[in-house]
Amino acid sequence: MSAGAREPHKVDQSEPLLEVRGLAKEYAEHGPFARSRRVVVAFDEVNFSIRRGTTLALVGESGAGKSTLARCLAFLEPPTRGEIWFEGVNLLALSKQEHIPVCRKIQLIHQDPASALNPGMTAAEIIAEPLAIQRLGTKDEQRARAIELMRRVGLSADSAGKRPLEFSGGQRQRLAIARALALEPSVLILDEACSGLDLQTQELILDLLAGLRAALGMSFIYVSHDLRAVSDFADEVAVMYQGRIVEHRASADLFEDPKDPYTRELLGAMPSMESICAGRLIGASR
């Protein structure tokens with residue numbers, strides 16, 4: 001199934017699974033003098049919610065604050081202020097011990113799986129590692145789960161003993177997805193997960209994700225600078241510009257009638273389907 005052939009699914013109208021309220025991240029930069037200091041704002045006053053089984057795309061140019069926001073949502077960095085509500089609980093009010101079971105339910109897939117995956121570990125070991133860290137199951141059960149997840153994401157069980165550099169770029173991304181699924185998350189955050197892949201591989205990965213969403217009822221936060229990639233994949237799109245969300249609407253509405261000038265600028269920079277198809281034909285003829 002190609003990207004354009006994906007069937008839209010109905011948005012769940014129940015209570016939000018994840019809700020972000022007034023979230024901000026600031027960094028203090030120290031100058032050459034002891035007292036010189038300035039504050040750099042990565043993002044500020046970010047508000048959005050996502051419902052179970054739906055996909056929110058965060059789009060914007062490099063430096064908009066998307067990746068930093070993704071890291072804060074995955075608890076890899078602490079936000080400066082604001083609230084993150086998950087299943088009705090403000091996660092930022094929890095203790096470190098209380099965070100542990102919740103963190104399992106929100107997983108992040110990094111932009112470059114080659115640098116995020118341990119090159120010295122086998123595929124099965126990489127996928128099973130989160131289970132080992134959380135002490136879930138025996139070693140045999142962890143390996144069996146890893147093999148099961150490899151099959152689910154379209155990797156052969158015969159490649160369980162291979163290391164990351166023995167896989168192609170698309171296969172490494174599938175491996176990263178399998179690892180993220182090990183703890184059965186409710187929310188999967190994908191930070192530019194397809195940006196380094198060719199168009200055909202991007203479509204295959206998006207098809208895989210759409211299938212997982214339908215089968216497992218997961219929610220996705222898909223971080224991207226590529227509006228074309230999210231046009232038929234996301235239920236809602238939030239456009240970030242200079243650390244703020246300037247437009248957040250249903251995907252179909254945003255593409256049909258963008259309101260913010262920056263959104264219109266991004267849409268104007270999108271390649272047409274004719275140019276994409278022409279590029280494929282040229283590549284195939286070489």
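Partly exposed residues are those whose relative accessible area lies between the limits for buried, under 20%, and exposed, over 50%. In the predicted model described here, arginine 21 falls into this intermediate class, with a relative accessible area of 34%. The side chain of arginine 21 forms a salt bridge with glutamate 83, and the closest N and O atoms of the pair are 3.6 Å apart. Because glutamate 83 belongs to strand β4 (residues 81-86) and arginine 21 to strand β1 (residues 18-30), the contact ties together parts that are 62 residues apart in sequence. Glutamate 83 is likewise partly exposed, at 29% relative accessibility.

In total, 14 salt bridges were counted in the model. A further example joins glutamate 77 to arginine 71, with an N to O distance of 3.0 Å. With a relative accessibility of 5%, glutamate 247 is buried. Salt bridges with shared partners additionally link Glu26, Asp44, Arg81 and Arg244 into one network.

The search of the whole structure returned 3 aromatic pairs. In one of them, tyrosine 222 and phenylalanine 233 adopt an edge-to-face arrangement, with a centre-to-centre distance of 5.4 Å and an angle of 70° between the planes. Tyrosine 222 is located in strand β8 (residues 219-224) and phenylalanine 233 in the loop between α8 (227-230) and β9 (236-241), so this pair ties together parts that are 11 residues apart in sequence. Tyrosine 222 is buried, its relative accessible area being 2%, and phenylalanine 233 is buried at 2% relative accessibility. In another pair, the ring centres of tyrosine 241 and tyrosine 262 lie 4.5 Å apart with the planes at 35°, and the arrangement is therefore tilted. Tyrosine 241 is partly exposed, at 31% relative accessibility, while tyrosine 262 is buried, at 6%.

Phe220, Tyr222 and Phe233 together form one aromatic cluster. Phenylalanine 233 also takes part in a contact with a charged group: the charged end of arginine 213 sits over its ring, 5.2 Å from the centre. A second contact of this kind involves lysine 162, which lies over the face of phenylalanine 167 at 6.0 Å from the ring centre.

The largest pocket has a volume of about 640 Å³. Its lining comprises 27 residues, and those nearest the centre of the pocket are Leu76, Gln107, Leu108, Pro130 and Arg179. Two or more lining residues are contributed by each of α2 (96-103), β6 (106-109), α3 (113-116), α4 (123-133) and α6 (169-181). Grouped by class, the lining of the largest pocket consists of 18 nonpolar, 5 polar and 4 charged residues.

Conventions
Residues are numbered from 1 along each chain as its sequence is written. This is a predicted model: local features need pLDDT of at least 70, side-chain atom pairs count only at pLDDT 80 or more; totals for chains, interfaces and linings use all residues. Side-chain values use heavy atoms; hydrogens and water are left out. A salt bridge is a side-chain nitrogen of Lys or Arg within 4 Å of a carboxyl oxygen of Asp or Glu. Helices (H or I, at least four residues) and strands (E, at least two) are DSSP runs, numbered from the N terminus. Buried means under 20% relative accessible area, exposed over 50%, partly exposed in between (1.4 Å probe, protein chains only). On a 1 Å grid over the protein atoms alone, a cavity is a set of points where a 1.4 Å probe fits but cannot get out, and a pocket is an open set with protein on both sides within 12 Å along at least five of seven lines; lining residues have an atom within 4 Å of a point. Grid points are joined across faces, edges and corners, and a volume is the space filled by probe spheres set on the points. Ala, Val, Leu, Ile, Met, Phe, Trp, Tyr, Cys and Pro count as nonpolar, Asp, Glu, Lys and Arg as charged, and the others, Gly among them, as polar. Rings of Phe, Tyr and Trp (its six-membered ring) pair if their centres lie within 6.5 Å; planes under 30 degrees apart count as stacked, over 60 as edge-to-face and the rest as tilted. A charge sits over a ring if NZ of Lys or CZ of Arg is within 6 Å of the ring centre and within 35 degrees of the ring normal.
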